Amino acid sequence: MKTAIVLGTSRSNGNTHKLVNLYQQHKSADVFNLTDFSISTFDYDHNNKHDDFLVLAKQLLDYEHLIFATPMYWYSMSGQMKVFFDRLSDLLTIEKELGRGLKGKRCSVLATGVDEQPPECFEQPFKLSAAYLGMAYQKMLYCSCEDDFIEQEHSDKLLNHIGLNIA
């Protein structure tokens, strides 16, 4: 299954980026780092339709599984990821055919944060957005990184998450 990871973090070598790299050691996935794209905030008049959002959205249609990777900031997704999710509205208004292309795709979440467990409200926007867009939400892997990213601890968790046996 062809997988794309949409990475929304402001730290180029932070915990979420490390989790994405760890994922790629076990499963093939192309990474689309939102910091590499110029994506404007949602605009009801769609004056921003010539930024990079639609270009990225078209690229993502080539994948069967979309993984949204984000740190947890203030009990929510990162600002970059929130702007990306807000712009999904463009796929419901001015680019409906593109939006229909998301229907039936699988999606999941990779997340990191300092809390031991994320609050339920963290995962809800992903689940509800997937349902609204007709996507099949799979699950979330959350890794607590209070002090540092402990690769072995998170590797075991990741292998369980993606269904690989731990040796």
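Reader: Is Glu97 buried or exposed?

Author: Glu97 counts as exposed because its relative accessibility is 61% (buried means under 20% relative accessible area, exposed over 50%, partly exposed in between, with a 1.4 Å probe and protein chains only). The model is predicted, so local features need pLDDT of at least 70 and side-chain atom pairs pLDDT 80 or more, while totals for chains, interfaces and linings use all residues. Residues are numbered from 1 along each chain as its sequence is written, and side-chain values use heavy atoms, without hydrogens and water.

Reader: With which residue does Glu97 form a salt bridge?

Author: Side chains of opposite charge can pair when their charged atoms come close. Here the partner of Glu97 is Arg100, with the closest N and O atoms 3.0 Å apart (a salt bridge needs a side-chain nitrogen of Lys or Arg within 4 Å of a carboxyl oxygen of Asp or Glu). Arg100, at 52% relative accessibility, is exposed. Both residues belong to helix α5 (residues 96-100), and being three residues apart they are separated by about one helical turn (helices are DSSP runs of H or I with at least four residues, strands are runs of E with at least two, numbered from the N terminus).

Reader: Why does Asp90 count as buried?

Author: Asp90 is buried because its relative accessibility is 0%. Arg87 is likewise at 0% and buried, and Asp51 is buried too.
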